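Colleague: I would like to go through this model with you, beginning with the aromatic rings. Could you set out the terms before we look at particulars?

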Amino acid sequence: MVENQAEQRSNSGNGQGFRERTQRFMARAVDAAGQWYDREGEWLADTTPPHTRERYWLAGAMYAAGEAEWADAIVAKGETEKYGAIRFNIFNTNIAASLLVAHRDKMSAAVRQELERLVRDGFSFKPGNRQPDFQFHGYNDNMPAKATVGLILGGEMLGCEDAVDYGLWNLRQFRAMLVRNGINSEFNSPTYSGLTIRAMGEIAAQAQNEEARLLASGIEQRLWIDLAARFHPEMGVLAGPYSRAYTVDTAAHASCISSLLWFCLGDRVHPSPMLLFDKPDDLVLHHMGDVPFNVAQFCWFAGGHYDIPDTALRLFDAKPFPFRAVASCELGAGEGTDFLARTSRIETVLHRDFALGTSSAPFGSMDQNNSYFVTYKRQDQVESYRDIGTIFTKLAVNGDVPGTKVRARDGDREYANVGEADILSSWANTFTIQSGSTALVLTHPHPSFDEAAARKPLSAIREQIILSTHGGDVEELIVGGIPRKDWSGEVQHGEWIVCRTGKLLSAFRPMVYTPSQRPVSIRLESKGNYNFICSSLYEGEERSFARDELRFLFGGFVAEHASVSEYASLAEFAEEFESAQFTDYYWTTRRVRYRRPAGKARPPLELETSWSPGAMATRYATINGARIEQPIAAIDGVTSEELPFLNEPFASIPSFFPWEDLTVAWGEWPSAIGDREE
């Protein structure tokens with residue numbers, strides 16, 4: 001049952017429940033800060049010393065808790081890099097604007113003046129918020145969102161109308177993106193989506209300019225609705241796919257988005273950020289287990305302004321299963337010529353016991369992507385993060401594997417915080433097709449994105465399907481129709497790997513090959529808190545690979561998923577795929593067809609595509625013979641009228657082109673301007 005709407009609003013966004021949770025968190029953060037900083041703002045702890053942004057994040061909680069003098073000392077010790085006479089940092093500069101808007105009356109005159117100078121420097125072109133790399137153009141949306149906060153709120157505060165005008169242009173471009181797409185480019189990121197939401201929410205709540213408030217409010221609503229559509233209400237986590245995700249995100253542990261959602265929704269979300277103050281040993285944190293960093297960043301989310309629309313509240317509260325959400329987004333091009341600007345299709349299907357998400361093309365540089373992601377229950381009732389499991393894939397090079405423990409260091413200096421490496425990079429262009437709980441994932445390795453780096457010596461190129469075991473191991477396993485006791489050993493080409501983990505049944509069939517007549521080696525391996533299916537496209541002496549060689553390394557797999565309640569046994573689930581057929585070959589394009597006949601519990605299915613492995617789009621991709629639809633946004637139970645901007649009349653963005661050139665202070669890249677509106 002959906003709760004009374006007034007009660008919902010009192011416990012989300014900036015309602016009473018939100019205020020109670022954020023105040024409790026920030027009070028604990030201020031208490032904990034006594035172990036990290038002295039009263040003069042000097043760093044005391046033996047963990048990684050803070051960057052200035054961390055000082056500013058934490059200071060917001062201190063000002064709110066009545067520790068203004070201490071907050072001033074911590075802020076005053078922060079430094080921002082200079083480019084000639086201008087100081088600028090996309091984080092520091094714009095966090096400073098937010099701190100001033102919220103707490104300027106609590107600051108000393110010296111600190112207030114210093115932050116005002118920093119914000120004013122941010123109005124500059126080079127460096128500053130008004131430069132082309134901080135625009136909404138297919139990349140890291142959280143950064144232009146931060147810049148827009150500094151321009152609009154900082155411009156209003158310091159009387160700079162030009163800055164406000166530039167910020168309005170940014171918002172108009174963001175609106176245009178959400179007219180032609182279902183979601184922003186940096187879609188569904190457990191680390192970065194919350195930062196964009198916070199920025200838009202702050203403008204909507206604090207801007208004096210009416211157009212800025214209306215645009216930011218509509219953008220915030222759209223972001224909340226898409227996020228809510230991919231939230232699993234019984235697991236309390238954000239399901240995939242993800243544009244940019246780190247190890248903490250792929251483990252479904254204490255992430256930026258879990259903290260933001262806990263502040264807004266309460267204990268239905270896992271894990272609670274309150275765990276950071278008495279951290280369990282098995283809780284994965286970003287920055288190699290760096291508690292002060294994470295507490296400071298979560299304070300930033302706690303200090304935000306949020307207005308969750310009724311549609312999103314309904315989706316957060318409950319969903320009919322299965323539930324499906326599809327959206328389009330647009331992605332920018334890489335620096336080289338391999339990964340071009342493109343459209344991606346984002347799909348999430350949520351079942352009661354699990355969720356499967358895919359994106360048809362990966363974001364940006366590809367190393368942080370999860371174009372295929374599964375989240376599932378380990379038991380009927382999810383009571384903690386330990387009751388949630390995940391599955392994802394990476395194409396790694398030179399022996400990189402998940403679960404590597406890393407101690408923080410700076411040169412020869414080691415710090416106390418240790419944790420799983422922040423990210424296992426993936427070096428693959430990836431294409432997916434999803435039909436319900438079935439995913440076809442095709443990959444093509446590129447160890448890097450430009451000609452020079454592509455010649456980097458390599459000793460291994462391995463595709464990994466990764467099962468997190470932080471909360472429990474694989475409980476039952478069948479390979480090639482034969483049960484196995486342990487997750488280990490060789491897998492023959494063509495064999496299905498079928499397993500039971502908690503409430504999830506999964507079946508994987510690797511589709512990896514090279515021009516060699518010898519099949520690619522496939523093994524079941526484990527390390528730390530991970531099991532993985534490892535397909536070795538190359539292992540041997542360290543050597544360079546020419547681009548022509550990389551063209552002929554083909555990765556990918558089919559993955560089938562079901563709840564344990566759908567089948568009497570794992571063996572019965574495995575039988576569904578014994579008659580499945582595959583065609584997969586390369587001749588000018590990679591041609592793939594997967595055919596699964598009707599089974600005891602599943603209808604027949606046919607997936608087919610023709611794809612050039614280095615391309616951003618397919619020649620064709622079909623499900624049961626029909627081309628795959630590409631809606632702007634299709635969310636079960638949500639009408640287009642509930643999505644701001646989609647049914648409004650066309651409104652052209654007024655003429656505004658502020659750049660004399662397209663370079664930035666930290667890099668002289670080639671640029672060209674042919675025509676400009678004057």
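Modeller: Rings of Phe, Tyr and Trp, the last by its six-membered ring, count as a pair if their centres lie within 6.5 Å. Please keep in mind that this is a predicted model.

Colleague: How many aromatic pairs does a search of the whole structure find?

Modeller: The search finds 34 aromatic pairs. In one of them, the ring centres of Tyr372 and Phe557 are 5.2 Å apart and the planes stand at 80°, so this pair is edge-to-face.

Colleague: Where in the chain do Tyr372 and Phe557 sit?

Modeller: Tyr372 belongs to strand E8 and Phe557 to strand E22, which covers residues 555–563. The two are 185 residues apart, and the pair links distant parts of the chain.

Colleague: Are they buried or exposed?

Modeller: Both Tyr372 and Phe557 are buried.

Colleague: And what about Tyr513 and Phe554?

Modeller: Their planes are at 25° with ring centres 4.8 Å apart, so that pair is stacked. Tyr513 lies in the loop between strands E19 and E20, while Phe554 lies in the loop between helix H17 and E22, 41 residues apart. Phe554 is buried, at a relative accessible area of 2%.

Colleague: Which residues form an aromatic cluster?

Modeller: One cluster is formed by Trp496, Tyr567, Phe573, Phe577, Phe582 and Tyr594.

Colleague: Changing topic: how many cavities of 30 Å³ or more are there?

Modeller: There are 6 across the whole structure. The largest cavity holds about 120 Å³ of space. It is lined by 18 residues, and Val237, Leu238, Ala252, Ser255 and Ile257 are the closest to its centre.

Colleague: Which element supplies the largest share of that lining?

Modeller: Helix H12 does, with 3 residues. Strand E4, helix H11 and strand E8 are also among the elements that give two or more residues.

Colleague: Now helix H9. Why is it described as largely enclosed?

Modeller: Of its 14 residues, 12 are buried, so the rest of the structure largely encloses H9. Arg198 and Glu202 are among the buried residues. The buried residues pack against H5, H7, H8, H10, H12 and H14.

Colleague: What span should H9 have at 1.5 Å a residue?

Modeller: Its 14 residues, 193–206, should span 20 Å, and the end C-alpha atoms are 20 Å apart, which agrees.

Methods: Residues are numbered from 1 along each chain as its sequence is written. This is a predicted model: local features need pLDDT of at least 70, side-chain atom pairs count only at pLDDT 80 or more; totals for chains, interfaces and linings use all residues. Side-chain values use heavy atoms; hydrogens and water are left out. On a 1 Å grid over the protein atoms alone, a cavity is a set of points where a 1.4 Å probe fits but cannot get out, and a pocket is an open set with protein on both sides within 12 Å along at least five of seven lines; lining residues have an atom within 4 Å of a point. Grid points are joined across faces, edges and corners, and a volume is the space filled by probe spheres set on the points. Helices (H or I, at least four residues) and strands (E, at least two) are DSSP runs, numbered from the N terminus. The expected span of a helix is 1.5 Å times one less than its number of residues. Buried means under 20% relative accessible area, exposed over 50%, partly exposed in between (1.4 Å probe, protein chains only). Contact means heavy atoms within 4.5 Å. Rings of Phe, Tyr and Trp (its six-membered ring) pair if their centres lie within 6.5 Å; planes under 30 degrees apart count as stacked, over 60 as edge-to-face and the rest as tilted.
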